Amino acid sequence: MYKKETSFCDHSECIKSLVDTCTSIIGKHKYSDEDIRTITFANIRGIAYSSLGITNLLHSWVIGNEQIKQVIPQLLGMSEVTTRTVKLMGDDIAKTAKLSLILLCQFQIENLICLMANAIGATSKKKGFYDKVSSLIKSLELDSKKIEELNVPALIRNSLHSNGIHHSYDGKDFSITLQGVDYEFLNGKKVSCASMTHIAHSLENSLEILDEILDHEKLKNHTEEIHDEYRLQTK
């Protein structure tokens with residue numbers, strides 16, 4: 001879901017929708033706990049829960065009574081509590097929650113796409129995420145628009161890595177609409193679609209595409225577990 005960002009409560013609702021989507025997909029496909037097709041959505045759900053907890057804390061800090069507004073700074077270890085320091089701390093925590101959500105969740109999505117592509121022989125010779133997504137989508141003969149849709153969170157992540165500026169590899173602007181929500185990336189310009197609610201919504205849209213991929217006969221016919229090499233080596 002998407003809501004225009006007006007409060008931390010809006011953040012929480014959008015992140016909770018992302019959590020619920022993960023739970024729904026896990027329950028629908030019922031792969032084993034050792035299969036990356038379960039692990040990915042469980043990991044994203046855990047990451048989202050962390051961001052949800054932080055967002056709820058910030059919401060309580062804003063709307064809470066005087067006791068709450070005194071306790072939270074103490075728990076955070078703030079030695080100086082003023083209007084300025086409270087705002088700085090709140091802004092920094094919110095920014096960190098946003099960055100961790102897009103960064104860590106996108107890592108999970110990229111890993112799943114690579115492993116699914118390997119499992120059905122749809123690997124790409126190039127290492128970029130866009131090329132890997134393209135190989136998988138084309139192999140499954142799905143709508144090519146899904147390539148661009150899956151790339152939106154990656155574009156948001158990349159812009160945040162560049163201090164909020166979008167740098168196109170080909171110098172061109174890019175725009176797309178996901179479920180009625182506009183995402184615009186202007187080359188060399190500040191990105192306006194990198195709010196927490198945009199991030200949660202774009203990730204949820206990606207998960208719904210991954211759900212569709214899991215429904216494809218090529219993935220359904222792959223009855224062997226798809227393992228994550230890292231997970232195997234950490235046992």
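Mentor: One cut-off before we start. A residue counts as exposed when its relative accessible area is over 50%, and as buried when that value is under 20%. Also keep in mind that this is a predicted model.

Trainee: Okay. Is Lys30 buried or exposed, then?
Mentor: Exposed, because its relative accessible area is 67%.

Trainee: Where does Lys30 sit?
Mentor: In the loop between α1 and α2. Look at its backbone too. Lys30 has a positive phi of about 55°, and it is not a glycine.

Trainee: Good. At what angle do α1 and α2 cross?
Mentor: Roughly 160°, with the axes coming within 9 Å. Here α1 is residues 8–29 and α2 is residues 36–63.

Trainee: Why are they called roughly antiparallel?
Mentor: Angles over 145 degrees count as roughly antiparallel. The axes of α1 and α2 cross at roughly 160°, so the two helices are roughly antiparallel to each other.

Trainee: Which hand is the crossing of α1 and α2, left or right?
Mentor: Left-handed.

Trainee: What kinds of residues make up that contact?
Mentor: By class, the contact of α1 with α2 has 16 nonpolar residues, eight polar and two charged.

Trainee: Now α2 and α7. How do their axes run?
Mentor: They cross at roughly 165° and come within 13 Å. Helix α7 covers residues 196–215. The pair is therefore roughly antiparallel, and α2 and α7 cross with left-handed geometry.

Trainee: What angle do α4 and α5 make?
Mentor: About 45°, with the axes 10 Å apart. That makes α4 and α5 oblique to each other. α4 passes α5 in a left-handed crossing.

Trainee: What is the volume of the largest pocket?
Mentor: About 510 Å³. Its lining has 20 residues.

Trainee: Which residues lie nearest its centre?
Mentor: Tyr130, Asn151, Leu155, Ser168 and Tyr169 lie nearest the centre of the largest pocket.

Trainee: Which helix gives the largest share of that lining?
Mentor: α6, with seven residues. Both α5 (129–139) and α6 (145–161) supply at least two residues each.

Trainee: How does the lining of the largest pocket divide by class?
Mentor: Seven nonpolar, eight polar and five charged.

Trainee: And the second largest pocket, how much space lies in it?
Mentor: About 300 Å³. Its lining includes Lys95, Lys98, Leu99 and Ser159, and also Lys190, Val191 and Ser192.

Trainee: Which elements give two or more residues to that lining?
Mentor: α4 (83–119) and α6. The most comes from α4, with three residues.

Trainee: Last topic, sequence versus space. How far apart are His227 and Leu115?
Mentor: 112 residues apart in sequence, and 7.9 Å apart in space, C-alpha to C-alpha. His227 is in the loop between α8 (217–220) and α9 (229–233). At 34% relative accessibility, His227 counts as partly exposed.

Trainee: How about Thr21 and Gly171?
Mentor: Those are 150 residues apart in sequence and 35 Å apart in space, again C-alpha to C-alpha. Thr21 is part of helix α1.

Trainee: Is Thr21 buried or exposed?
Mentor: Buried. The relative accessibility of Thr21 is 12%, and buried means under 20%.

Definitions and conventions: Residues numbered from 1 in each chain as written. Predicted model: local features only at pLDDT ≥ 70, side-chain atom pairs only at ≥ 80, totals over all residues. Heavy atoms only, no water. 1 Å grid on protein atoms, 1.4 Å probe; cavity = no way out; pocket = protein on both sides within 12 Å on 5 of 7 lines; lining within 4 Å. Points joined across faces, edges and corners; volume = space filled by probe spheres on them. Helix = DSSP H or I, 4+ residues; strand = E, 2+ residues; numbered from the N terminus. Nonpolar A, V, L, I, M, F, W, Y, C, P; charged D, E, K, R; others polar. Axes fitted to C-alpha atoms, helices over the stretch in contact; angles between N-to-C directions. Parallel < 35°, antiparallel > 145°, perpendicular 65-115°, else oblique. Left-handed = near helix turned anticlockwise from the far one by under 90°. Buried < 20%, exposed > 50% of the residue type's maximum accessible area, 1.4 Å probe, protein only.
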